[in-house]
Amino acid sequence: MLRTHTCGELGMEHVGQEVTLCGWVDTLRDHGGAVFVDLRDRYGKTQVVAAPEAGPQLVDSVSRLRNEYVVRVTGTVAPRPEGTVNSKLATGEIELRAQQLEVLNTCVPPPFTPSQQEVPGEDLRLRYRYLDLRRPEMQRTMLLRGRIVKVMRDYCAEHGFIDVETPMLGRSTPEGARDYLVPSRVQRGKFYALPQSPQLYKQILMVAGYDRYVQVARCFRDEDLRADRQPEFTQLDLEMAFVTAEDVIAMIDGLVARLAREILGLEVPLPLPRITYDEAMRRFGHDAPDRRFALEIVDCTDLAAACEFRVFQSAAHRGDFVRGLRVPRTAARFSRKRIDELTEYVKQDFAAQGLVWFRVTDEGQLESSVAKNFTAEMLAQIAQRMAAEPGDLLLFVADTWEVTCKALHGLRKRLGAELKLYDPQQMHFSWVVEFPMFEFDKEEQRWDAMHHPFTSPRPQDLTLLDSDPGQCRAQAYDLVINGYEAGGGTIRIHDSRTQQKVFDLLGIDPQMARERFGFLLDALQYGAPPHGGIALGIDRIVMLFARLDNIRDCIAFPKTQRAMDMMTEAPGEVDDRQLQELGLTIKKPEP
RNA sequence: GGGGCCGUAGCUCAAUUGGUUAGAGUACUGGACUGUCGAUCCAGUGGUUGCGGGUUCGAGUCCCGUCGGCCUCGCCA
């Protein structure tokens with residue numbers, strides 16, 4: 001080792017020792033006679049002093065150091081003179097009296113330094129990611145990520161899970177997200193697909209009898225990015241045989257509690273709270289509600305049907321819904337302009353027709369530009385239904401079920417943050433269960449799998465497969481943290497007859513099924529045990545545990561919104577020779 | 001594919017609602033300084049205002065296009 005200690009560990013107990021440190025020059029303070037260097041590595045910072053006693057040559061060479069030079073310093077640990085102790089530094093009681101300096105490497109003037117206070121623009125940070133990753137915030141997140149993954153691995157190992165790797169070069173299966181494709185050289189014109197998840201492999205491992213499987217698995221989806229979505233991301237993927245949904249949920253409950261305890265020092269009471277999908281949509285308008293605050297949706301469709309206000313009445317009469325939020329004690333803070341902004345928001349982002357609002361007066365009356373369209377009695381009924389109190393603001397959307405869900409969820413999220421209805425440090429873990437098996441695709445006029453086509457219906461809903469697929473509920477469960485889907489899983493279908501039925505419903509005919517999932521159907525015939533599992537989004541969990549609002553900050557080398565790596569400039573063009581070998585020609589877009 | 005925000009010195013930002021020579025802090029370069037820790041003091045270098053067009057007597061500022069970053073709808077079983 002080129003060093004005897006790190007820059008974060010020296011203290012009073014080391015005084016008098018001769019030590020050698022290696023690190024980067026974080027800051028340089030040159031006083032002419034004495035020069036101070038803060039030497040930084042990932043463990044911390046230590047002040048190095050080149051004092052006149054060490055000789056003019058050493059002082060001179062230390063003063064010629066520059067930001068981010070990599071150096072090796074040998075010297076004696078000394079207590080700092082009285083009054084110069086730096087309490088902001090873990091090593092602030094001591095300093096290293098330099099005797100020897102070796103410049104291990106120089107550094108050209110960097111576009112930004114880890115020591116500067118302003119965080120540079122994200123494009124610059126991504127381009128010079130190696131500098132960005134030197135920043136203490138980034139190092140803290142990366143370390144946290146490592147600890148989280150270790151807890152996950154330890155927990156799974158302790159519970160008998162076997163870590164098995166599955167292929168990255170697989171075959172494209174239809175539905176789901178768009179695949180990233182890899183052309184085959186040996187079989188011209190054919191393609192591998194990078195896995196969207198190891199779903200089918202892990203089911204086949206269950207058939208193989210590896211009854212508890214786990215993998216920290218990289219997954220790829222070629223879809224548009226978001227703050228919480230990257231084209232490649234990491235899942236804690238696991239699967240268990242001879243289990244019910246309860247068993248999987250209980251297993252993850254234990255993991256969540258352990259993560260909360262070991263990473264956040266938080267005791268989370270188990271079992272984690274659960275609500276059904278239907279309840280989530282009713283109360284929160286979303287299948288991954290942020291339950292750190294209330295602001296729940298209230299249905300007023302029945303009142304609307306009986307009222308004189310045409311917007312409400314006609315919505316109710318055509319089978320749509322009138323639902324609203326009671327925003328407590330905010331009427332005074334919401335000008336017409338601000339309400340108009342919210343109206344614009346629900347129109348623009350969720351295609352809602354509009355927003356109907358009421359302010360609750362000190363006397364408990366509802367006032368609004370549309371209030372004249374209601375009888376006093378109806379207003380009172382609405383106020384009562386909404387549990388309105390003086391000073392509240394009531395917001396209503398009259399639209400299809402889907403639009404009311406989306407718009408009110410959007411409003412709820414936005415108002416929750418803007419009005420600071422929750423402590424951003426707070427963590428809320430919960431489950432959403434009993435998802436529908438299918439959703440109806442109106443454009444294609446057919447049923448789609450809500451989760452994936454291997455999801456098992458609840459046993460009591462099996463008959464609904466034939467009679468009323470829309471009512472059929474799946475043995476599916478999503479882990480929700482602070483309004484984010486942090487993981488999701490299902491009990492799978494383990495008999496080929498049920499599987500066939502589901503394929504039929506989804507319009508996957510036997511031949512198609514054969515071509516695409518033949519290997520799985522085969523496997524299911526060779527003694528497949530009942531099985532199920534879950535995949536947790538590691539990047540998102542790190543993001544939430546680190547209290548960040550963006551997934552890129554939890555990934556060492558993330559991609560931009562256009563799926564570019566700004567450091568390597570991937571994706572890049574390839575040689576004609578490479579294309580030729582693959583039998584590919586590129587159709588250039590017309591200018 | 002749609003909507004929105006942003007792009008000015010290496011970096012972070014400012015620039016009178018279109019007006020003269022585009023500024024500040026920091027970084028960088030040189031100098032001074034023996035106790036600093038966001039060191040301080042003095043001096044200096046540094047600009048195609050992302051790019052292209054347009055409107056105007058005059059554009060960093062307004063308009064159109066384009067490139068890039070971010071947020072978002074669609075999309076993401």
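The surface near RNA strand B, where a residue counts as near if one of its heavy atoms lies within 4 Å of the strand, draws at least two residues from each of β1 (18-30), β2 (35-41), β5 (94-105), α2 (122-127) and α10 (336-350); helices (H or I, at least four residues) and strands (E, at least two) are DSSP runs, numbered from the N terminus. The model is predicted, so that local features need pLDDT of at least 70 and side-chain atom pairs count only at pLDDT 80 or more, whereas totals for chains, interfaces and linings use all residues. Residues are numbered from 1 along each chain as its sequence is written, chains are lettered from A and ligands numbered from 1 in the order in which they are written, and side-chain values use heavy atoms, with hydrogens and water left out.

Among the 52 residues around RNA strand B, those that come nearest are Thr84, Glu95, Asp224, Met450 and His451. Of the atoms of RNA strand B that come within 4 Å of the protein, 53% belong to sugar and phosphate. By residue class, this surface comprises 20 charged, 18 polar and 14 nonpolar residues, where Ala, Val, Leu, Ile, Met, Phe, Trp, Tyr, Cys and Pro count as nonpolar, Asp, Glu, Lys and Arg as charged, and the others, Gly among them, as polar.

A polar side-chain atom of glutamine 47 is placed 2.7 Å from a base oxygen of RNA strand B.

In chain A, the domain assignment, which is automatic or taken from a database, gives domain 1 (12-105), domain 2 (139-275 + 430-576) and domain 3 (293-421). The centres of domain 2 and domain 3, taken over C-alpha atoms, are 37 Å apart.

Turning to backbone geometry, most residues other than glycine have a negative phi, and most peptide bonds are trans. Proline 571 lies in the loop between α16 (538-545) and α17 (576-582), and arginine 547, found in the loop between α16 and α17, has a positive phi of about 60° although it is not a glycine.

Note on methods. A polar contact is a pair of N or O atoms within 3.5 Å; within protein, one must be able to donate a hydrogen and the other to accept it, and residues adjacent in sequence count only if both atoms are side-chain atoms.
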